[in-house]
Structure formats: structure tokens, C-alpha cells
Amino acid sequence: MHRLVKQTLAAGVVLVALTACGTETRDHAAPEHTATRAAVPAPKKKPVQGLPGMPPVLDPHDVYAADRPGRLSPVVKDFPSRVYVPNTESDTVSVIDPKTYRVIETIHVGRQPQHVVPSWDMKTLWVNNDRGNTLTPIDPRTGKAGKPVDVHDPYNLYFTPNGKYAVVMASLDRELVFRDPHTMERKKTVPVTCYGVNHADFSLDGRYFIVSCEFSGELLKVDTEQMKVVGQQKLPFRGAMPQDVKVSPDGKRFYVADMMADGMWVLDGATFGKPKLIPTGKGTHGLYVSRDSREMYVSNRGEGTISVWDFAQDRVTRKWRLPNGGSPDMGGVSADGKVLWLSGRYNAEVYAIDTRTGEQLARIKVGSGPHGLAVYPQPGRYSLGHTGIFR
């Protein structure tokens, strides 16, 4: 359907061009007895009725349309390019210069930092100090850390698409906590019956999001505006441990990494029906979409590989193996789309991988237990959180 719409649009443009050219010179003018045919207007894309207050959807066929290579917002275009790595067992953040592949600074933060999360307005990076019960703000312009903010059990952090709330994934507290996105003041607490809420992604229209529950092997569907759980299901795999969540470019399907099922669950977001398991590799963990929206990089932590998922072909087309093994976990794609950055959770290192060839470009030593690293800045208009989900 997408290709048909493109062809129709192209045909409309050609017809308009031919009509205009026919009036430029007397030699090419249409004979007087020939009836002039009006140009057929190109069909208009039906606007998406998004969550109130949310920036307009750029392309109803591509959630990631704003994430093209180098398309940096004026807010972030002057920020230095860095990779921020939270080391859960060292209570630090290693800062890497991606040009030299070297750690240029080590920032001391709270106990057990899990993820480095860009704020909705993209002006701040929040370090989730889970056991320290704080969020440490980092100014990405200067790289300096600010005063920690008290937030209980901040395992992970997201932002509603309209920027109205921050959503704290309070894993051990069994809560989704909606907070002020700047002060982090608690606004509403949503208790959940699953255990281990950790990752999420939002629908195309921003009106709902799907959450993975790691320790009980469940998924939640949450109404964004009502701040209410509207669906819950148990994954059909004994011992399932769902991790990262990503919506497909067309917004119709959600992919959920599962480190025990060794693959991705795929389900229809609107119906929240029974998911299908697609094997990708042992210890499937992180999901990262390419800058052209054609592929998704899937980290398989248990076998030291990255599977490349092709959205159009609906299958894994390649698998890259890290030389000398490793434990690729969470990360992100560089602003130009050429490098995939992943933390090596059990090896105290970070991997830089060429997204065209799968070649390992660098292997960088960092602190102990590196986890949800953030590549920053990245293209996009606003951030939905985690290690960098941009729209």
C-alpha cells in the first residue's frame, strides 16, 4: 500500500509538470481544438489523530521519519557527540569520545545506575540510579552532572509523547509513576500486578504504550492519557523474561526482546492479541532501529551476536558475531547511522559496530556492569526516553 501511494503521488507530480510545460512555448502548445485536461490532485495523507498536545506525526507510514541521519534538532545541534555509559557495579558513568574511541571522563553518580535517558525536551540526560533512589541530571552541552533528584526505584524512565509526564518504571515497587518531566514531582502512581516493569514503547498516535514485565513474563498495555492499564497478558513461554520493546515503522506491530525465549515476540498493538515468537539468538536483549527505518539491530547478549531484522522482508537477514565473544546489551545508533554502540554487560566494555558490514570498530574498557548507554545527541524532535527513542 505504501508503494502504491508513492506511485500515485509520483504520477500526479508528472502530470502537473507535463501540463505546465505544455504552455511554455508556441511550438509545444496544445492545438486549439484539443480539450485541456485538469491535473488530478494527489491524494492527501490522512492526518493521525495523536495524543492531545503531542507534536504532529510526520509520516503515518513511518514512526521514525524524524530520525534520519544527521537531522539534529536546533536544541542539540551544538552538543558535543558523546557516548554515556552507566556502570551499574561501579556507580559511575563513563563518557566516550566516539571519534577517538576513548573514555575522556568518569562521572560519579548514585548507587546502581541502570540507564542514561534523554529528557523529552532533549536538554538533559537523566542517569537512573536505581538502588540509590535518585536521578542524576547531566548537561549534555558541558558534560557536567547536576544535583541528584530524589526518585524512588527509578529502574528506567520514559516520557509521554506530549511531554506532559515522565514515566518512571519502578521495577521492584511494582508501579508506573507519572511525574513532572522537569522537577520529577510525583503526579500519579499506577500500581501493577506484574513484576519487574522495565521497558516500553509508544504507539504511532501516542495514545497507548506497551510495557514489558521482566520477572513475571508479562506485557501491559497502558492508556497514555488516562494513565491506566487497559490490557495485560502472560507470554506463552515458560520462564519468559521480556526486555526491550520497539514499535515497527508502520506503527502496527510491537517487537519485544526476550532473553530466555532467545528471540523477539511480535504482536499487533491495536488488538494486543497473542504474540508470535521469532528466534534471533541466545539472550535477546536490545532493539535498535536503523536511521532509514528499514532494519532493526537485535543484540543477543548470551552468544555475543547482533541479528539484523529486515522489516519489509519480515525476517533476520544477517547475523554479526563479535570477535572473541562478548555480552552485547543495550545502546543506540550514532547520529549518522553508521555505528551501533552497545554495552558489554558482563565484560566491562563497550562495542562500536559498523552498521554496513557488522565489523567491530572498537572495544573500549569501561567500569563494571555497563548497561543502558546513550549515544548523544541523536536526530529527532523529542525524546520518549530509555536510551534514546526519538520521534
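Q: How many aromatic pairs does a search of the whole structure find?
A: The structure is a predicted model, in which local features need pLDDT of at least 70, side-chain atom pairs count only at pLDDT 80 or more, and totals for chains, interfaces and linings use all residues. Residues are numbered from 1 along each chain as its sequence is written, and side-chain values use heavy atoms, with hydrogens and water left out. Rings of Phe, Tyr and Trp (its six-membered ring) pair if their centres lie within 6.5 Å, and the search of the whole structure finds 11 such aromatic pairs.

Q: Why is the pair of F202 and F209 called tilted?
A: The ring centres of F202 and F209 are 4.7 Å apart and their planes stand at 40°. Planes under 30 degrees apart count as stacked, over 60 as edge-to-face and the rest as tilted, so this pair is tilted.

Q: What makes F202 buried?
A: Buried means under 20% relative accessible area, exposed over 50%, and partly exposed in between (1.4 Å probe, protein chains only). F202 has a relative accessible area of 1% and is therefore buried, and F209, at 0%, counts as buried too.

Q: Which residues do ring pairs link into a cluster?
A: The cluster that ring pairs link is made of F79, Y376 and F390.

Q: What joins C194 to C213?
A: The two are joined by a disulfide, with 2.1 Å from S to S, and a disulfide is a pair of cysteine sulfur atoms within 2.5 Å. By this rule the count comes to 1 disulfide. The link of C194 and C213 has -50° about the S-S bond and is left-handed.

Q: Where do C194 and C213 lie in the chain?
A: C194 is in the loop between β12 (186-191) and β13 (197-202), C213 is in strand β14, and the pair, 19 residues apart, links distant parts of the chain. Here helices (H or I, at least four residues) and strands (E, at least two) are DSSP runs, numbered from the N terminus. With a relative accessible area of 0%, C194 counts as buried, and C213 is likewise buried at 0%.

Q: Which residues touch the most other members of the largest nonpolar core?
A: Of the 27 residues in the largest nonpolar core, these are F254, Y255, M264, L287, M296 and W309. Two or more residues come to this core from each of β14 (208-213), β17 (242-247), β18 (253-258), β19 (263-268), β21 (284-289) and β22 (295-300). Apart from it lies another core, of 23 residues, including Y158, V167, V190 and L220. A nonpolar core is a set of buried Ala, Val, Leu, Ile, Met, Phe, Trp, Tyr and Cys residues joined through side-chain atoms within 4.5 Å. In soluble globular proteins, nonpolar side chains tend to be buried together.

Q: Which residues is M296 in contact with, leaving aside its neighbours within four places in sequence?
A: Contact means heavy atoms within 4.5 Å, and M296 is in contact with K246, Y255, M264, L287, Y288, V289, S307, V308, W309 and F311.

Q: What makes strand β10 mostly covered?
A: In β10 (residues 166-170), 5 of its 5 residues are buried. A166, V168 and A170 point one way from β10, whereas V167 and M169 point the other way, and all are buried.

Q: How many bridges join β9 to β10?
A: Two strands pair if DSSP finds at least two bridges between them, and 4 bridges join β9 (residues 156-159) to β10, the two running antiparallel. β9 and β10 form a hairpin with 6 residues between them, where G163 in the turn has a positive phi of about 75°. Strand β11 (residues 175-179) also pairs with β10 in the antiparallel sense, over 5 bridges, and the hairpin of β10 and β11 has 4 residues between the strands.

Q: Why do β25 and β28 stand at the edges?
A: An open sheet of 4 strands has the order β25-β26-β27-β28, with antiparallel pairing. β25 (328-333) and β28 (360-365) each have a single partner strand, so one side of each is left without a neighbour in the sheet.

Q: Why does D62 count as buried?
A: D62 has 7% relative accessibility and therefore counts as buried. D62 and D250 are 188 residues apart in sequence and 5.0 Å apart in space, C-alpha to C-alpha.
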